[in-house]
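Subject: Structure for you to look at

Hello,

Here is the structure I promised to pass on. Please open it and keep it beside this message as you read.

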Amino acid sequence: MGSVQDYKTGRNDPCPCGSGKKYKRCCLSGQPVPNDSPWSRQRDASGRITPELLEVATREFGDQLLLAWADFNQLAIPEPLDKFPDEEGIFSPYLIFEWDPDASVRRRDGRPRAGAIARSYLQKNAKRLSELELLILDQAISRPISFYEVVRSSPGRSLVLRDLLIGEETEVEEHSASQTLRPGHLAYAQIWVLPEVATLGRLAPRAIPPDRKVEIVGLRMKLRRKIAKQNRELSATDLVRYSEQIRTVYLDIRDALLTPPKLANTDGDLFVFHTLSFRVGSAQLAFDALAPLAWGLSKKDLLEGAELNDDGSLKSVEIDWRVKGNRMHKTWDNTILGRLKISGRSLVAEVNSEKRAKKIREEIERRLGLHVTHIATTLKTPEQMLEESKHKRRGHSDRENAEVDDRFDPEMSRASQVMFQEEVEAWVHQKIPALGGRTPLEAVADPDGKEMVEGLLLGWERKYEGPLGQGMIRPDLNAVRRLLKLPV
């Protein structure tokens with residue numbers, strides 16, 4: 001993680017107080033906000049004590065900060081902090097107010113015990129601190145860290161947040177995060193309830209999309225089961241007790257959001273584009289042997305787009321490698337697994353996974369026998385394909401790119417929209433692992449499952465916001481909501 005100096009909050013880092021501002025424009029400045037509001041008074045008070053707390057962390061515990069980072073991440077050897085530059089805004093409050101390398105974080109009376117850094121600071125400075133500064137420290141130590149859903153937002157002013165674990169709804173004054181968080185967003189945060197104002201004491205650096213509510217509702221169900229025998233509702237005290245389990249879910253979500261998505265085909269195989277090249281005896285011989293790979297199409301159908309030599313013999317033809325049905329999409333009557341291109345004595349097969357590449361090579365060599373020779377196989381990742389596509393488009397003139405756009409077929413787009421919508425609506429009957437193996441139709445029958453499904457739909461919807469490019473299609477998710485009898 002680097003030297004002790006590396007742990008000190010940099011001027012341009014997120015402020016540890018959780019305001020969302022840069023440190024130099026918040027607590028480092030030590031300057032009161034011009035207006036004398038309750039919010040500005042607590043920010044001013046926080047700004048006075050935060051640099052002092054960070055100084056204690058560096059001076060007295062600098063050689064143990066690697067251990068603190070490991071404890072925060074619940075790993076013996078975590079990734080270095082510099083790989084998570086934004087994470088300091090949520091790690092620093094944990095370091096100052098919770099982390100203790102030697103003792104339990106709870107007292108016998110059930111109240112949380114101040115972390116080693118906060119405790120050392122209070123022992124030496126409590127008598128000189130103002131009532132508001134002491135209250136801020138108490139809130140930072142005792143208030144639970146939970147998951148919140150944004151109910152309403154007044155950008156630049158405030159947020160209404162609902163605690164997803166215990167259901168409490170709180171309006172907080174928040175001038176920075178309220179400009180980016182929208183209704184439906186989720187946040188891992190701590191709320192301070194101070195005289196005349198509630199505010200965010202700490203806030204994880206990135207908004208959590210609505211579809212991750214599934215994991216949080218799952219956590220809520222587990223915590224409720226833990227206290228079920230006590231015949232009471234889950235409370236804020238429980239959230240403090242189970243803070244480690246709550247942070248585990250946050251860390252899992254954080255790591256998932258930072259991990260690039262793995263693209264897969266309809267067989268569930270990871271996308272890796274394979275191009276297999278062969279030498280064949282003749283175009284006609286290869287066509288006769290491989291035409292049966294196009295399930296549902298006759299030779300006559302396939303030859304409609306073929307090119308012939310002057311003497312009428314076959315010169316080139318393309319064959320879609322098709323099979324009946326689809327494992328993932330039950331409404332599809334066939335699945336295209338790849339494409340075969342025959343030209344003279346050349347045969348090229350294109351597929352999008354290693355498994356399909358192995359299968360098509362076996363099929364080609366079995367059907368053609370001694371009349372085929374494998375020459376080479378090349379591989380490309382989706383990232384390589386995308387970069388090549390961008391490079392190729394940049395190399396074209398505006399006129400050439402316009403000609404490509406002119407080939408857009410509206411009728412084909414409408415047909416694709418219909419097929420896509422059928423698949424979207426078929427989702428309600430599919431067993432979803434995130435829903436415990438239930439279908440969405442089954443899940444909405446209970447309140448927790450309904451909340452999970454609504455989160456999945458909202459997250460899905462957010463991914464299709466904004467203008468669509470030519471040929472792109474957008475699902476009608478209100479149609480899905482109607483099928484599930486959810487509000488549209």
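**The whole chain**

Remember that this is a predicted model. The protein chain holds 18 helices and 11 strands. Of its 488 residues, 43% are buried. Its accessible surface is about 26,500 Å². Carbon and sulfur atoms account for 52% of that surface. Now take the contacts between residues at least 6 apart in sequence: 61% of them join residues at least 24 apart.

Strands in a sheet pair through backbone hydrogen bonds, in a parallel or an antiparallel way. Here is an open sheet with antiparallel pairing, in the order β3-β2-β1-β4-β5. Its edge strands are β3 (169–173) and β5 (197–203), and each pairs on one side only. Neighbouring strands are turned by 50° against each other on average, direction ignored.

Look at β4 (residues 186–194) next. It pairs with β5 over 6 bridges, in the antiparallel sense. Find W192: it stands opposite T199 in β5. Two helices lie across β4 and β5. Helix α4 (residues 88–97) runs at about 100° to β5. Helix α6 (residues 131–142) runs at about 145° to β4.

**The sheet of 6 strands**

This open sheet also pairs antiparallel, in the order β7-β8-β9-β10-β6-β11.

Strands β8 (residues 314–324) and β9 (residues 334–343) run antiparallel and are joined by 9 bridges. R322 stands opposite I336 in β9. Helix α12 (residues 354–368) packs on the sheet and touches β6, β8, β9, β10 and β11. Its direction makes about 15° with that of β6. Helix α10 (residues 283–290) lies across β6 (273–280), β8, β9 and β10 (346–351), at about 15° to β8.

**Helix α17**

Helix α17 (residues 447–462) has 16 residues. From first C-alpha to last it reaches 23 Å, close to the expected 22 Å. What caps its N-terminal end? D446 does, with a side-chain oxygen 3.1 Å from the backbone nitrogen of D448. D448 is itself one of the buried residues of α17, which also include M452, L456 and R462. Their cover includes β2 (158–163), α7 (213–227), α16 (440–443) and α18 (477–483).

Best wishes

Notes: Residues numbered from 1 in each chain as written. Predicted model: local features only at pLDDT ≥ 70, side-chain atom pairs only at ≥ 80, totals over all residues. Heavy atoms only, no water. Helix = DSSP H or I, 4+ residues; strand = E, 2+ residues; numbered from the N terminus. Expected span 1.5 Å × (residues − 1). Buried < 20%, exposed > 50% of the residue type's maximum accessible area, 1.4 Å probe, protein only. Contact = heavy atoms within 4.5 Å. Polar contact = N/O pair within 3.5 Å; in protein donor to acceptor, adjacent residues only side chain to side chain. Pairing = 2+ DSSP bridges. Axes fitted to C-alpha atoms, helices over the stretch in contact; angles between N-to-C directions. Areas by Shrake-Rupley, 256 points an atom, 1.4 Å probe, with all protein chains shown as cover.
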